[in-house]
Amino acid sequence: MKDFVYYAPTEVVFGEHSEDKTACLVKKYGGNKVLVHYGGGSVKKSGLLDKVCTQLKEAGVDAVLLGGVVPNPRLSLVHQGIDLCRKEGVDFILAVGGGSVIDSAKAIAYGVPYDGDVWDVYLRKYSPDKALPIGCVLTIPAAGSEMSDSSVITNEEGWVKLGYSNNVCRAKFAIMNPCRTFTLPPYQTAAGVTDIMMHTMERYFTQDDEMNLTTELAEALLRTMKESVFPVLENPCDYRHRAQIMWGGSLAHNDLTGCGVTGDWATHEIGHELSGLFNATHGASLAAIWPSWARYVYKENVSRFVRFAVKVMDIPNDYTDPEGTAIKGIEAMERFYHHIGMPINIKELIGREVTDEEIKEMTRKCTRNYTSTQGAFKVLKAEDIEAIYKLARG
Ligand code: NZQ
Ligand code: ZN
């Protein structure tokens, strides 16, 4: 069993009207001059941005605003944010939105105290030991950035999407009001649930399968997401099920389901290249890859796939045919993705067949110019990654 450190320092304030505590929390964590960072307009439309800004004003906290974060957040806006924070003397960043806004906020937070280009952080040329403090008001359960140590940024030069993890960027607080997710379109809801489940599955499919408590927690999380997504797709204002999904999103990526196990992030890494090249929605890119990854690797630990099939996907265990049971679990996951409107291959994701040249380009980027492997359940070399893209072609 793997030794581990569990570190989840973010103060979570969960429930209806929880955003009323925003100004109070900003002050608690030392914010006097705040950058309020947001996306493409959903928080304006819902009135959340106005509500938060009014509250900050009434609490005597100065704020400057920077919107325009897009899904798969861009480095150019991060640069703008860094300049703005320096010019205005910002000492706290408040992200109001989803994973993209929070990740952009984390990148700005790294960049403000650093003299060089913040992209160095993502290239691992510089390891920050400080960052501006950030807090968030979450509007979409998906990426789990509100409690994770990660940030993923896309550099428009070459469309390179890179993630970086460091505890110094963990949010001081995360405000989560499930009502704020009622306005999510079905596609974003489904992509979010897919991402949440994948954060759990990338930890679940491990060769260190001795930490049974972690495995049981992961299975409970996966079953709960599976059961909660249909009620919210039917009734977007179903508070009870929106709440399960919102809390699930944080628990799936604050490493609770990773204690004592070695994760395998191959589906994420292979999927990131689809987001980088085709601007695909993150969660959907994972659904397009996972079935092919699973078929490619399941023989490395058939019993883990059998357990997944039986305990998560409700497949009867055929003791005479473990491989058959494992495959039925993968097929059931594909049916689930289709039921919630997710793709199960690249053609369904981007609307056309991916070319051999595009597969080669994504393989090159995914292996950092053929210098690294991906995954741990089965360590994938460039030829394996290329084979998975081809299997996922559709
Ligand atoms: O920009 P607005 O107008 O706000 O619209 C957003 C966006 O179009 C919309 N949305 C968000 N909340 C809404 C809403 N629409 C209506 N009502 C609401 N309440 O949803 C769209 C997607 O938002 P985004 O922030 O991009 O979603 P998500 O949270 O899925 O974040 C995706 C990004 O996070 C990265 C992904 O790679 C991707 O770039 N990830 C970050 C991780 C981390 N930091 O730990 C881990 C993940 O694996 C992931 O890689
Ligand atoms: Zn993810």
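Residues are numbered from 1 along each chain as its sequence is written, and chains are lettered from A and ligands numbered from 1 in the order in which they are written. In this predicted model local features need pLDDT of at least 70, side-chain atom pairs count only at pLDDT 80 or more, and totals for chains, interfaces and linings use all residues, while side-chain values use heavy atoms, with hydrogens and water left out.

The chain contains 16 helices and 8 strands, taken as DSSP runs numbered from the N terminus (helices, H or I, at least four residues; strands, E, at least two). The C-alpha trace spans about 70 × 45 × 45 Å along its principal axes. Of the 394 residues, 57% count as buried, where buried means under 20% relative accessible area, exposed over 50%, and partly exposed in between (1.4 Å probe, protein chains only). Among contacts (heavy atoms within 4.5 Å) between residues at least 6 apart in sequence, 78% join residues at least 24 apart.

The zinc ion (ligand 2) is coordinated at 2.0 to 2.2 Å by Asp195 through OD and by His199, His268 and His282 through NE2. Donors are N, O and S atoms within 2.8 Å of the metal (3.2 Å for Na, K and Ca); water is not among the atoms, so sites may look incomplete. Along the chain, the zinc donors follow the spacing D-x3-H-x68-H-x13-H. His268 lies in helix α10 (residues 266-278) and His282 in helix α11 (residues 282-297), 14 residues apart. Both of these histidines, His268 and His282, are buried.

Grid points are joined across faces, edges and corners, and a volume is the space filled by probe spheres set on the points. The second largest pocket holds about 160 Å³ of space. Its lining includes Leu217, Met225, Trp247 and Leu256, and the elements giving two or more residues to this lining are α8 (212-234) and α9 (239-253). By class, 8 residues of the pocket lining are nonpolar, 4 are polar and none is charged; Ala, Val, Leu, Ile, Met, Phe, Trp, Tyr, Cys and Pro count as nonpolar, Asp, Glu, Lys and Arg as charged, and the others, Gly among them, as polar.

The count comes to 1 cavity of 30 Å³ or more. The largest cavity has a volume of about 30 Å³ and is lined by residues including Arg203, Tyr204, Thr257 and Arg304. Helices α7 (186-204) and α8 each supply at least two lining residues, and the largest share, 3 residues, comes from α8. This cavity lining has 3 nonpolar, 4 polar and 2 charged residues.

Asn72, a residue other than glycine, has a positive phi near 60 degrees. Asn72 is found in the loop between β3 (62-66) and α4 (75-88) and is buried, with a relative accessible area of 5%. Phi of Asp314 is likewise positive, near 60 degrees. Asp314 occupies the loop between α12 (302-311) and α13 (322-339) and counts as exposed at 57% relative accessibility.

Technical notes
On a 1 Å grid over the protein atoms alone, a cavity is a set of points where a 1.4 Å probe fits but cannot get out, and a pocket is an open set with protein on both sides within 12 Å along at least five of seven lines; lining residues have an atom within 4 Å of a point.
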